[in-house]
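This report covers helix packing, nonpolar cores and selected loop residues. The sequence and the structure come first.

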Amino acid sequence: MDIIHEKTKNHIMYSRKRLPTNILHWHQSIELCRAISGNATFIVDNIEYNFKPGDVVIIPSKCLHKFVCSEKNLVDIFLIPTHEFMPIIRHYPSIPIHIPREKILSIDGLEEQLNDLFYKINKAYSLNIPFSQTLSLSYALSLTSLLLMYFPPLKIIKQKNFKYLFPVLEEIKSDCTNPEYSLKYFSKKLGYTPEYFSSMFKKFTGIGFKDFLDRQRIDEAKRIMLSNDLPISLIAEHCGFNNSRTFNNRFMALENMTPTQFIELYSTESENNYDIIF
């Protein structure tokens with residue numbers, strides 16, 4: 001399992017893509033996903049949701065989540081950057097909402113309205129003309145608001161210690177290969193004992209600090225391996241691992257395959273035109 005973060009922050013992002021499996025990540029944006037094919041599990045803030053074709057999940061900004069699927073999948077996904085549109089979406093929920101297709105079908109005509117709005121989002125987003133982003137956003141807001149009108153959140157949950165730990169996540173994601181980063185480094189920076197920081201970090205993210213850091217570094221290594229033909233030893237060193245053996249062991253532990261097998265697998269899938277997000 002790895003951790004990824006959103007790169008597109010300034011505009012709405014829409015795509016129909018294959019989601020990666022078992023990669024923990026977060027966004028600055030509100031995310032809405034609709035399953036097209038492939039049964040799976042969405043895990044948001046350590047809560048599991050069965051995710052099957054026709055289901056929709058609304059994920060608030062900065063919620064840690066991942067997608068677990070043993071088969072090929074396809075989803076509609078769009079992101080609404082909160083920092084640009086906060087006056088419009090400040091009333092949106094701060095907890096994840098899972099909407100099964102059965103509930104959507106129970107409301108006459110709702111699925112047809114959703115299909116139409118997804119089509120309009122895709123159409124507007126693909127246009128390379130002035131105001132296409134604004135048009136796409138208006139449809140995305142309409143779709144999200146329509147869902148929330150019929151399926152409002154039951155309660156609001158405040159994430160304890162979020163304001164302290166999210167800057168740590170942001171700092172790691174921006175420079176995960178920094179050799180100074182360690183449990184001791186961040187606990188000292190925040191003024192906590194290593195034991196307390198470790199406990200708080202695991203409670204918030206669901207994984208230990210070392211796993212978090214190693215997974216982020218492995219994710220960076222995967223990006224490099226898919227875009228550059230470099231020796232494994234150089235990639236390992238660049239990504240903050242002491243040597244190739246440590247890198248290979250951690251990669252195997254987290255990915256259930258060697259780096260070489262990973263390259264062969266995803267190179268083959270790329271040739272088969274699967275759109276893979278890392």
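## Packing of α3 and α4

In this predicted model, the axes of α3 and α4 cross at roughly 160° and come within 8 Å. Angles over 145 degrees count as roughly antiparallel, and α3 and α4 are therefore roughly antiparallel to each other. The crossing in which α3 passes α4 is left-handed.

On the α3 side, the contact is made by Leu-110, Gln-113, Leu-114, Leu-117, Phe-118, Lys-120, Ile-121, Ala-124 and Tyr-125. The α4 side contributes Ser-132, Gln-133, Leu-135, Ser-136, Tyr-139, Ala-140, Ser-142, Leu-143, Leu-146, Leu-147 and Tyr-150. By class, the residues of this contact of α3 with α4 are 14 nonpolar, five polar and one charged.

## Nonpolar cores

The largest nonpolar core contains 24 residues, and those with the most contacts inside it are Leu-32, Ile-58, Phe-78, Ile-99, Leu-143 and Leu-147. Two or more residues each are given to this core by the strands β4 (29-37), β7 (56-59), β9 (74-81) and β10 (97-99) and by the helices α3 (110-126) and α4 (132-150). The largest share, seven residues, comes from α4.

Not counting residues up to four places away in sequence, Phe-78 touches Met-13, Tyr-14, Ile-30, Glu-31, Leu-32, Phe-118, Ile-121, Ala-140, Leu-143 and Thr-144. Another core lies apart from the largest one; it has 18 residues, including Phe-186, Phe-197, Ile-207 and Phe-209.

## Packing of α6 and α7

Helix α6 (residues 183-190) and helix α7 (residues 194-205) have axes that cross at roughly 100° and come within 9 Å. The range for roughly perpendicular is 65 to 115 degrees, and α6 and α7 are therefore roughly perpendicular to each other.

Leu-183, Phe-186, Ser-187 and Leu-190 of α6 meet Pro-194, Phe-197 and Ser-198 of α7. The residues of this contact comprise five nonpolar, two polar and no charged.

## Packing of α8 and α10

The axes of α8 and α10 are 10 Å apart, and the two helices pack at an angle of about 100°. That makes α8 roughly perpendicular to α10.

From α8, the residues Lys-210, Asp-211, Asp-214, Arg-215, Ile-218, Ala-221, Lys-222 and Met-225 meet Phe-247, Arg-250, Phe-251, Leu-254 and Glu-255 of α10. The residues of the contact of α8 with α10 divide into seven charged, six nonpolar and no polar.

## Two loop residues

Leu-230 is placed in the loop between α8 (209-227) and α9 (232-238). Leaving aside neighbours within four places in sequence, Leu-230 is in contact with Ile-224 and Ile-235.

Asn-256 is in the loop between α10 (244-255) and α11 (259-271). Its phi is near 60°, a positive value in a residue other than glycine. Asn-256 counts as exposed because its relative accessibility is 67%, with exposed meaning over 50%.

## Chain totals

The protein chain has 11 helices and 10 strands. Of its 278 residues, 49% count as buried. Among contacts in the protein chain with a separation of 6 or more, 68% are between residues 24 or more positions apart.

Conventions: Residues are numbered from 1 along each chain as its sequence is written. This is a predicted model: local features need pLDDT of at least 70, side-chain atom pairs count only at pLDDT 80 or more; totals for chains, interfaces and linings use all residues. Side-chain values use heavy atoms; hydrogens and water are left out. A nonpolar core is a set of buried Ala, Val, Leu, Ile, Met, Phe, Trp, Tyr and Cys residues joined through side-chain atoms within 4.5 Å. Buried means under 20% relative accessible area, exposed over 50%, partly exposed in between (1.4 Å probe, protein chains only). Helices (H or I, at least four residues) and strands (E, at least two) are DSSP runs, numbered from the N terminus. Contact means heavy atoms within 4.5 Å. Axes are lines fitted to C-alpha atoms, for helices over the stretch in contact, and angles run from 0 to 180 degrees between N-to-C directions. Angles under 35 degrees count as roughly parallel, over 145 as roughly antiparallel, 65 to 115 as roughly perpendicular and the rest as oblique. A crossing is left-handed if the near helix is turned anticlockwise from the far one by less than a right angle, and right-handed if clockwise. Ala, Val, Leu, Ile, Met, Phe, Trp, Tyr, Cys and Pro count as nonpolar, Asp, Glu, Lys and Arg as charged, and the others, Gly among them, as polar.
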